[in-house]
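Q: Hi! Could you walk me through this model?
A: Happy to, let's bring it up first.

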Amino acid sequence: MAVTKTLADTTVAGKENSDEQTLIVKLFKSLFNVPPIISNNNDVINIINNTQEQVIKKGMIDPESQKSLISYYETADIETVREEEVIRKMLEIIYEVRNIRHQKIKSLLQSQRSSTFLKLLQVTAMRIPVWFPKHDEQPPPLCGAIEPLPSYVAKSGDLVAALVKQSGEERWIVAEAVAFKNGKYEVEDIDVKEINRNFTLEKIYVKPLPLMRADPVTCPDAFFPCNQFVLAMYPQTTCFFKALVKAPPKTSYDGYEVLFEDDFNQYTIMMVVSQRFVVSFPSQEILHKDDEMIVEY
């Protein structure tokens with residue numbers, strides 16, 4: 001049986017490596033499509049600028065120049081859309097490669113020492129994609145601080161913040177969604193050191209973690225503002241605690257600067273927590289829940 005499992009794991013790993021290599025080759029080939037498109041766009045932009053300079057010198061725009069400018073602008077718009085499509089396809093390939101590597105990291109999480117485990121967990125925070133809008137598109141649910149829709153259910157394997165009872169106390173932990181049945185989540189604590197790792201929870205006691213990072217430049221409204229209370233994962237742990245936002249991320253790669261609140265309503269020193277591990281602070285209804293709502297399975 002052990003030999004069979006080892007062979008199966010080797011086969012899966014081999015397929016993942018093959019898929020990853022295929023995607024990387026595809027990405028490499030796509031890179032060659034970008035320079036010609038950028039060159040064409042620059043040529044059109046230069047023609048537009050030159051035509052506009054001539055119009056400014058004349059002090060007026062004649063019908064021919066107007067017609068030419070409209071045509072150039074239309075060409076530039078088409079070429080820009082084309083460039084965007086090529087870049088978005090390349091981003092999709094990158095996200096697929098990241099997802100394959102993320103699955104490898106998830107399997108490693110189960111067998112690593114505490115320090116390595118926590119480092120790998122932080123790596124997963126940077127594996128989720130950055131959301132880029134199309135035109136005036138608004139950020140979707142689970143992008144940064146944007147809440148999921150009320151009807152949303154986390155998929156099996158997704159990370160969530162879950163309110164559970166362990167070692168006689170209630171705590172918000174990082175867990176993996178296992179299933180959603182009869183209006184309740186089945187979740188598993190990702191910390192393998194815990195004895196009681198499996199729980200069945202009402203939906204209100206589970207908060208899906210962001211699936212995409214937000215960029216302050218393209219969607220500044222997808223962040224928790226300064227001086228707002230949130231649930232944030234305390235560094236070097238897998239537990240969430242109440243924290244006060246002092247500064248949102250400055251780039252899509254940065255985390256929140258927060259102050260954690262202790263049991264005496266005082267604050268810790270400033271700490272940085274990745275977007276991935278910061279969610280909205282729960283309502284009073286959830287904080288004062290009935291203990292019987294948590295059931296181990």
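Q: Thanks! How many helices and strands does the chain have?
A: The secondary structure comes to 5 helices and 11 strands. Helices (H or I, at least four residues) and strands (E, at least two) are DSSP runs, numbered from the N terminus. This is a predicted model: local features need pLDDT of at least 70, side-chain atom pairs count only at pLDDT 80 or more, and totals for chains, interfaces and linings use all residues. Residues are numbered from 1 along each chain as its sequence is written, and side-chain values use heavy atoms, with hydrogens and water left out.

Q: What share of the residues is buried?
A: Of the chain's 297 residues, 38% count as buried. Buried means under 20% relative accessible area, exposed over 50%, and partly exposed in between (1.4 Å probe, protein chains only).

Q: Where does Ala232 sit, and is it buried or exposed?
A: Ala232 is found in strand S6, residues 229–233. Its relative accessible area is 0%, so Ala232 is buried.

Q: Which residues is Ala232 in contact with?
A: Leaving aside neighbours within four places in sequence, Ala232 is in contact with Cys239, Phe240, Phe241, Ala243, Phe260, Val273, Phe277 and Val278. Contact here means heavy atoms within 4.5 Å. For Ala243, 11 residues apart from Ala232 along the chain, the C-alpha atoms of the two are separated by 6.2 Å.

Q: Switching to rings, how many aromatic pairs are there?
A: The count comes to 6 aromatic pairs. Rings of Phe, Tyr and Trp (its six-membered ring) pair if their centres lie within 6.5 Å; planes under 30 degrees apart count as stacked, over 60 as edge-to-face and the rest as tilted. Phe28 and Phe32 form one that is edge-to-face, 5.3 Å centre to centre with 85° between the planes.

Q: Are Phe28 and Phe32 buried or exposed?
A: Phe28 counts as exposed because its relative accessibility is 52%, and Phe32 counts as exposed at 55%.

Q: What about Phe180 and Tyr185?
A: Those two are an edge-to-face pair, 4.8 Å centre to centre and 65° between the planes. Phe180 counts as partly exposed at 31% relative accessibility, whereas Tyr185 is buried at 1%.

Q: Which rings link into a cluster?
A: Ring pairs link Phe223, Phe224 and Tyr256.

Q: And which ring does the charged end of Arg213 sit over?
A: That of Tyr253, 5.0 Å from its centre. The rule wants NZ of Lys or CZ of Arg within 6 Å of the ring centre and within 35 degrees of the ring normal. Lys242 lies over the face of Phe229, at 4.3 Å from the ring centre.
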